[in-house]
Structure formats: C-alpha cells, structure tokens
Amino acid sequence: MRPVEIKEGVHWIGVVDWNCRNFHGYARSANGTTYNAFYIEDEKKVLVDTVSKGSESQFLCSLAHLTKPEEIDYIVVNHLEPDHAGCLEKMVELCKPEKIFVSVMGGKNIATFFDSKDWPVHVVKPGEEVSIGKRTLRFYETRMLHWPDNMFTYCPEDKLLFTSDAFGQNIAASERWVDEMSKEMVADHMQQYYANIITPYSSKVIKTLETFAGLNLDVDMICPDHGLMFRGDDCAFALEKYMEFAKQEPKNKATLFYDTMWSSTERMISAVASGLVSEGISVKVMSVKANHHSDIMSEVFDSAAVVIGSPTHNNGILPGMADALTYVKGLRPQGKIGAAVGSFGWSGECVKILNEWLEKMGCDIIEPQIKAKNRPNHDTLKECFQLGVTIAAAIKAKTAK
Amino acid sequence: MKYVCTICGWVYDPAEGDPDGGIAPGTKFEDIPEDWECPVCGAGKDDFEPEE
Ligand SMILES: Cc1cc2nc3c(=O)[nH]c(=O)nc-3n(C[C@H](O)[C@H](O)[C@H](O)COP(=O)(O)O)c2cc1C
Ligand SMILES: [Fe+2]
Ligand SMILES: [Fe+2]
C-alpha cells in the first residue's frame with residue numbers, strides 16, 4: 001500500500017499481510033495482520049521499525065514514494081523480533097544510518113540476531129531524548145511487552161506514541177484507523193491478541209500503564225506495530241482496554257475444551273455444559289479437533305472456569321489435549337476455576353493427568369473429577385450435569401466479588 | 001535456594017548473584033535490596049518465587 005501521512009511529515013509505511021493465518025507459528029490470525037512501520041521527515045530522517053522479511057519489497061516500494069534509503073539518518077528499533085526488525089539488516093546496508101536506537105535489552109540482544117558489531121548502535125536509557133530537528137524522540141523501556149527488548153517511542157511535539165506490539169491487533173484492512181471500523185470488532189481483536197501474546201505479562205502491563213499514567217504524556221495518537229491505529233478519544237479507549245485485560249476479571253462464562261475418540265468424553269462434557277447453562281452461565285464448548293489452541297485461549301481468557309476432558313490414551317491423554325493444555329498453561333491465565341472429566345477403557349489415568357494440568361495452572365479445582373468406564377451411563381451423565389451446577393455456583397460466588 | 005522470575009523465567013542463583021545489577025556472588029535472595037530488578041525483564045523482587 002501507498003504511504004499514509006498520519007501527521008505532517010510523519011508517514012505510515014507498513015505492509016498489510018492479507019494472507020497471514022498463523023501469526024508467528026502459534027496464534028491464529030483469521031483476519032490477516034499488518035506490520036506497521038513509520039517514516040519521519042525532519043532535519044534528521046527517521047525510520048521507526050521495519051516489517052517482516054517476506055514483505056521487504058513492498059516496504060521498500062512504499063518508502064520509495066517518500067525518500068531514498070540513503071537519505072535516512074536514524075533507525076529506531078522498538079523491538080528486535082523478526083516481524084519488526086526483519087528488514088533491519090537490509091535497511092542498514094541501504095541507509096548506512098548515522099545511528100540505530102535500541103533499548104538496553106535491545107543492545108544486549110541485537111548481536112544475537114544480526115552481525116551488528118560494526119553498526120552504529122546507540123543504546124538509549126529509559127526516558128532518553130534525541131532531537132531530530134523540529135521534533136524530539138523520547139524512548140521508554142517497556143520490557144516484557146512482550147519481549148525483554150520492547151520499547152515505546154514518543155514524540156511530544158506531535159503527541160505521537162509508537163508502541164510496537166502493545167495495543168496491536170491482527171487485522172488486515174485498507175483502513176488505518178480504529179475510528180474507520182467497528183470499535184467492537186477492534187476490541188475483540190485486541191482481546192484475542194492480548195490473550196494469545198500478552199497475558200503472561202499482565203502484572204508488567206499494569207505497572208507500565210501506571211507508570212505512563214504518572215508521566216501524564218500528552219498523547220493523541222497511539223501507533224502499534226500491528227493492525228489499526230488509535231487517534232483522539234480512541235487513545236483512552238486503548239489504554240482502558242489494556243487495563244481491563246491486564247486485570248483478568250472473569251466473566252459469567254465457562255470454556256469447556258476436550259478431545260474424544262468415541263464420543264464418551266464429549267457426552268460427559270456436554271452434560272457438564274448443560275448443568276452450567278441451566279444455572280445461567282454462558283458456555284463455549286470446544287473440541288480441540290475443531291478449534292485451534294489460540295481460539296481456545298481467546299475464550300479461556302475471559303472465562304471464570306475451564307472444564308477439560310480427554311479419554312485415556314496410551315496411559316496418557318490425547319495429543320490434541322496436550323497441545324491445547326501446553327499452550328493455555330504457557331500463557332498463565334490467572335484465577336480460573338477448573339474441573340476435569342474423561343472416559344477410559346482399562347487403566348484410566350486421564351482425569352488424574354488433566355487434574356495435574358489444572359493444578360499447574362493454579363486453578364481452584366471443583367470436585368468430583370468424573371471418570372466413566374467406556375460409556376457414561378445415565379447416572380454418570382447426571383453426575384456430570386450436577387458438576388456443571390456446582391461449577392456455576394462457584395462462578396457466581398467468584399464474579400459476585 | 002534459587003529464585004525464579006514469574007514474568008520471564010530468569011533464575012536467580014545466589015552462587016552467581018547479579019554482578020551487572022550490583023549483587024555480589026554469594027548474596028542470598030533475601031539480602032538483595034528491595035529496589036533491585038530482574039536483569040532480563042525488569043520485574044521487581046516480589047515477582048520472584050522460590051524454585052521448586
Ligand atoms: C510469544 C513468544 C513467547 C516466547 N517466549 C519465550 C520464553 O519464554 N523464553 C525464551 O527464552 N524465549 C521465548 N521466546 C523467543 C523465541 O524462543 C525465540 O524467538 C526463538 O529464537 C524462536 O526460534 P525459531 O526461529 O525456531 O522460531 C518467545 C517468543 C515468542 C514470539
Ligand atoms: Fe513481538
Ligand atoms: Fe509483533
């Protein structure tokens with residue numbers, strides 16, 4: 001796409017990746033994504049981030065509408081991950097920049113990505129400023145949002161905040177601004193992105209947001225490196241959403257995910273779901289065969305309870321469940337209620353193993369853990385329904401707080 | 001006793017300390033100043049847990 005001037009002399013020069021469906025190999029991005037990068041024209045000509053390597057030619061083409069690479073003086077690297085620094089090597093070669101700005105952790109790590117020993121790397125201290133002519137760029141460390149090296153770049157004259165991965169969404173669109181699309185759709189994509197990428201660092205998010213609130217920066221544009229940008233009142237919306245996500249307050253909702261061979265476990269899960277619904281809880285029932293682990297995580301994220309099910313398979317659980325559980329546990333969702341059910345034929349380890357996962361996830365576990373030999377009979381299904389009712393009561397107690 | 005950062009997974013080993021952060025080898029986790037931060041992710045001391 002052609003560059004878009006977002007402030008006088010400041011241009012979006014990102015690439016829309018319409019076909020991306022698997023973000024970084026672990027999260028689904030059903031609506032594609034964008035890699036946003038920026039070019040600032042001042043006494044010094046500045047590139048803020050780049051795009052993924054596969055989009056290099058589009059990126060260079062976009063930049064060519066504005067300047068020649070050799071005119072660029074400074075490159076700001078807010079984040080070293082290859083979706084943002086994928087063209088860095090090429091740009092350093094073409095631009096021969098005077099300086100490359102990175103955070104403290106960026107400085108420690110840049111040589112593990114690039115042969116950068118002869119590069120003019122300038123490690124910035126948190127809050128450090130550089131004048132680029134009429135404008136100033138100020139750098140803020142935002143470690144673990146979501147890598148150790150992440151930083152924000154702020155331009156006080158233009159009230160612009162470049163936030164790298166924070167506030168991003170996986171959306172491919174011709175629109176560039178949140179106010180050009182449905183805000184609910186954007187909020188949903190922000191939440192999916194947060195759930196799958198930022199969740200483990202929620203306590204850092206809260207601290208970072210508090211630090212920024214204390215700084216009282218005048219911001220009227222937030223420019224993340226993925227998806228749509230926020231301007232005007234939408235900046236406050238972005239900040240509020242992140243605070244809400246970081247607090248992980250559970251909704252009146254349960255996510256049940258499971259795998260099954262001959263439908264016995266599926267029927268048990270279904271009965272638990274009925275019990276929950278009978279008590280007015282909203283449920284998502286997700287087979288791991290029909291749902292990608294990242295979509296499961298997006299639902300688990302704002303649920304008060306997770307109910308998991310698997311039959312016993314080779315003295316363990318089915319591999320699809322191991323995939324989903326590894327992923328969900330890795331993202332460390334906080335404060336969930338948990339319960340497990342499963343069917344077995346002879347040795348019957350499944351429920352014990354599922355329960356160990358729930359414990360490792362720090363769940364408040366609801367008993368009983370229900371096991372059915374081969375096929376759940378009527379009484380077992382009634383027990384499952386009752387388990388749903390018990391979980392519902394625990395959810396209500398939790399959300400009432 | 002080693003301590004692990006709950007944010008990034010970095011492990012504090014008292015035998016090694018954190019020389020870059022001004023913590024000499026041999027310093028027990030309890031004796032680290034309260035304003036010390038994880039060298040990888042900047043988390044505070046209260047974000048650390050004893051390693052199992
Ligand atoms: C969402 C996400 C989470 C990550 N978590 C960790 C982590 O906990 N610890 C770590 O050492 N590296 C972590 N990494 C960094 C990757 O291990 C690193 O980028 C690696 O070089 C990727 O290898 P690959 O090129 O084979 O995919 C993470 C990366 C991403 C994108
Ligand atoms: Fe990233
Ligand atoms: Fe990214």
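Start by selecting A:His146, which sits in the loop between β13 (136-141) and β14 of chain A. Helices (H or I, at least four residues) and strands (E, at least two) are DSSP runs, numbered from the N terminus. A cis peptide bond, with omega about 15°, joins A:Leu145 to A:His146. This is a predicted model, in which local features need pLDDT of at least 70 and side-chain atom pairs count only at pLDDT 80 or more, while totals for chains, interfaces and linings use all residues. Residues are numbered from 1 along each chain as its sequence is written, chains are lettered from A and ligands numbered from 1 in the order in which they are written, and side-chain values use heavy atoms, without hydrogens and water.

Next, select A:Glu367 and A:Pro368, which are also joined by a cis peptide bond, here with omega about 0°. A:Pro368 lies in the loop between β24 (364-365) and β25 (370-373) of chain A. Most peptide bonds are trans, and most residues other than glycine have a negative phi.

Now zoom out to the whole of chain A. Twelve helices and 25 strands make up its list of elements. Its C-alpha atoms fill a box of roughly 80 × 40 × 35 Å along the principal axes. Of its 401 residues, 58% count as buried, meaning under 20% relative accessible area with a 1.4 Å probe, protein chains only; exposed is over 50%, and partly exposed is in between.

Select A:Phe167, in the loop between β15 (160-164) and α5 of chain A. Its phi is near 70°, a positive value in a residue other than glycine. A:Phe167 is buried, with a relative accessible area of 2%. A:Phe167 is also among the residues with the most contacts inside the largest nonpolar core, which has 58 residues. Such a core is a set of buried Ala, Val, Leu, Ile, Met, Phe, Trp, Tyr and Cys residues joined through side-chain atoms within 4.5 Å. Colour α5(A) to see the largest share of this core, eight residues.

From there, go to A:Tyr242, whose contacts (heavy atoms within 4.5 Å) include A:Phe167, A:Met190 and A:Leu209.

Finish with ligand 1. Which residues surround ligand 1? They are A:Tyr26, A:Glu81 and A:Trp147, each with a heavy atom within 4 Å of it.

Technical notes: Lists of a residue's contacts leave out its neighbours within four places in sequence.
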